[in-house]
Amino acid sequence: MNLKSLSKTLIFTVLIAFCFSASAQNSGTVQDSENQPIDNVSVFIADQNILLKTNKLGEFFFESKLPNNTYLNFYKNGYVSKLVKYKEGSEFKVFLKKLHVALDEVGVVESYSELGNTKLTNIDKKSLENVFLRDNSMVESITQLSGVDIVSSGLGIQKVVVRGLSGMRVVTYLNGMQINNQQWANDHGIGFTDLGLGEVELIKGASALKYGSEAIGGLLFFKDSPFVSNKKMNGYVASKFDNSSYLSSSQFGLNWNKNNFFFNLYGQYSISSDYRLPNNDYLFNSRFNQNAIKFSVAHRYKNLQNIFRYQYHNENPGIPAHAHVDPADINIVDITSSSFDFNDAYKLLTPYQLVNNQLFNYNLNYLSNNLKLSLHLGHFINNLQEYEKWTRPAFDLTISNTQITPNIRYKIKDLTFNIGSQLSVLDNKNNEDERLVPDASTLNVGPYVILDYEKNNFGFNSGIRYDYKHLKSEDNILNINYDNEFSNTSFSSGIYYKFLDNVLRFTYSGSYRAPHFSELFSDGVHHGTNRYELGNENLDIEYADQFEFKYQWANEHFGFVLNPFLQNISDFISIVPTDTFISSYRVYNYKQYNNVEIKGVEMNLHYHPHQLHNLHIEQSYTFLQTKNKDDQYGLALVPANSIKTKLLFDLNDYERLVKYKFDYLSFYHVYKFSKENFAEYEELTESYNLINFQLGLKLNNKLLCTIGINNLLNKEYSPHTSRIRGVAGGVPNPGRSFNINLKYEF
Amino acid sequence: MKNFSLLSVLMIAVFGFMTSCSSSDDCHECHIALFDADGQETAEVEIGEFCGDALEDVENAGYQLTEMLVADNGDTLQPGLYTDVHCEEHADHDH
């Protein structure tokens, strides 16, 4: 062989080697323990929010090279999910272990979380992909988690309660942006639906340092469904109907990508009339309608990723149980209707709210080996008008919030650092002279450092955050001239240890919450709550300390979680009734309690019987006790203790049933204990059982259907945390109802 | 092309939903509300249906009663301006 031939051979070999290495870096395979390929495995590129699927050969491909240490989450029903850190150069092969049971995993599930390391921090997750098909609403779906409950008056207005705390103390994030939508009041809902959402992560208590210190009760982090890397456009259309309130709701979603450009589009329209009580009367004005549209655009270029999201949400809920007398003196006959007229059933009636939310989100991510730089810019605009008269609102508020969050994540061996800051500028403006809360603005700055250490079966994390808040209010109509600063430091620390199948975790967090301008300066009628609300300018910062322990054990059939906790909150701000009336409304004052204690225990059992692999049984227990140390009473709006049980029976093993398109059967049972520890002005709430039933059908590969019955026993009950528990002795929740839901995926 | 046509149809449908607005009727039955010393509403005196500008006037400025009226609870209303006017609809209960 001469020199020329040798050179050609060498060049050819190098080229082949380059091509081979290039294709190895842009693809991978997923196999089981017998080296058989697994198809349809979801491959989630966590740092880029992109979802791939493996093909029939178990292969997956990504458009361009992944940076080193990119997290990829591999999961498929029937297999143990895996979180892998990508390493370039070598062949990318992932092995998934088949589960002993086909349904789902029992025990600690490895997955990526926006809120932190799921081993070191107590993070709960819930998929929201099928909420529209399987649940009444997104908020009701989340209440299936232990320690989580709901404040509501039907489907129109719903808020989340975490370990007895809600409102300002449960902070909500949507795609990295804090949602400020006048959440200080119980009649102001969450501000968005499940449209386009993929998952929610929840930290109970104050351990979510990266996202602010004010989340004393907890932090809910909602995330959109990921971008899908697929050769063709895909999407869905879905529709639902419920005969309790003649609810009709429709959604659509589209996902499209070309090379490194991704686009998601979603839309929703819902309309609902008054809901039917167990005695077949209808709760007058519990109706609502909602529209929403959202789109997201993402682009990857080498190590850079840009994501832009826009969301518009409009909702118009009626405010039921409204009267110009003390709510306790209202006769239920006066707030319910015995007849239903389709011509009038959906019309807006006073009092009602007009709510418009717009959310702009921009994310810039740069990934390189051990470093991730991210910058989040968000702008949220909420306009809330509350109408008691037809021709002018009782108040018309626009709140706009701009947030900038840079973050650096850096890994050195077993240590991960997160260093960042949050800058938030908020402006609250009245658009009418009549007002309940004043014009006000706040500036928040919160730098933080969080350290995670994880090696083998041991880990710890520790974080510190300093928050500075400047609150200013100049309002000539309410005669307010206020300028104050609040600052403090928050901590969070945790230890994790895994021994065989046992996992132990202990965390401590200390945080603070500055008073909100609604708590300081409210002065007016709030029709949504039937109150005259008076603020207190002398309120000071709340301080909270939480200790939490978590033990988990699992094998292939059985999983057990035990989670006791204790939280102390000093200078706890609350709103309490007085014996005074203004304009026919009872006056409620904001006041501060020296010390409040919240303690409890949550337990979860998860079981797949060996004799019946297609049966899934999940049970959660929540026991909560609150104590106001200033007096002998408990706190207001704290949920009763509960046991929640879910049975899911997969019917796909039975040929005859599959022939008739049956997919699964599910029963959901809630037992609520009587609530005997409550605030001074509340009443005892009796115990009750609630059963929901659902039949899932797979009409074909693309068309899914569910048929459900809610409140199967037509039980008449009014939850302790119902917004209208104190009205007419307790207005009941909906009676038995039927629903049918369809989803077509293409 | 087929995908874009589908997308266009869906977007038009979406915007159709978005621009459909829920509006209330322009006319509503109104009443004067009477209160006791504790500020609790004790009686209502119907004053008829109001629409458009008249509705706005009666809600904002009040109702000018031109003759004496006796309410259901026996209270007498003298002629004059009454500002506690409510025009909300009530639940309809047959039994």
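Helices (H or I, at least four residues) and strands (E, at least two) are DSSP runs, numbered from the N terminus. Welcome to a predicted model, in which local features need pLDDT of at least 70 and side-chain atom pairs count only at pLDDT 80 or more, while totals for chains, interfaces and linings use all residues. Residues are numbered from 1 along each chain as its sequence is written, and chains are lettered from A and ligands numbered from 1 in the order in which they are written.

**Exercise 1.** Find which loop of chain A holds P351(A), and describe the peptide bond from T350(A) to P351(A).

*Solution.* 
Step 1: Look between strand 22 (336-337) and strand 23 (352-368) of chain A; P351(A) is in that loop.
Step 2: Check omega, which is near -5° for the bond from T350(A) to P351(A), a cis peptide bond.

**Exercise 2.** Decide whether R163(A) is buried or exposed, and do likewise for N280(A).

*Solution.* 
Step 1: Recall the cut-offs: a residue is buried if 20 or more other C-beta atoms lie within 10 Å of its own, exposed if 12 or fewer, and partly exposed in between, with C-beta atoms placed from the backbone.
Step 2: R163(A) sits in the loop between strand 10 (158-162) and strand 11 (170-174) of chain A. It has 28 other C-beta atoms within 10 Å, so R163(A) is buried.
Step 3: N280(A) belongs to the loop between strand 18 (261-272) and strand 19 (282-283) of chain A. Its count is 12 other C-beta atoms within 10 Å, so N280(A) is exposed.

**Exercise 3.** Work out the order of elements in chain B, then find which element gives the most to the side that touches chain A.

*Solution.* 
Step 1: Chain B has two helices and seven strands, and from the N terminus on they run α-β-β-α-β-β-β-β-β.
Step 2: Count the contacts (C-beta atoms, placed from the backbone, within 7 Å): 27 residues of chain B meet 33 residues of chain A.
Step 3: Two or more residues each come from helix 1 (2-19), strand 1 (27-35) and helix 2 (52-60) of chain B. Helix 1 of chain B gives the most, with six residues.

**Exercise 4.** State how far apart the centres of domain 1 and domain 2 of chain A are.

*Solution.* 
Step 1: Take the bounds, which come from an automatic or database domain assignment: domain 1 (15-95) and domain 2 (123-228 + 241-745) of chain A.
Step 2: Over C-alpha atoms, the centres of these two domains of chain A are 35 Å apart.

Terms used. Contact = placed C-beta atoms within 7 Å.
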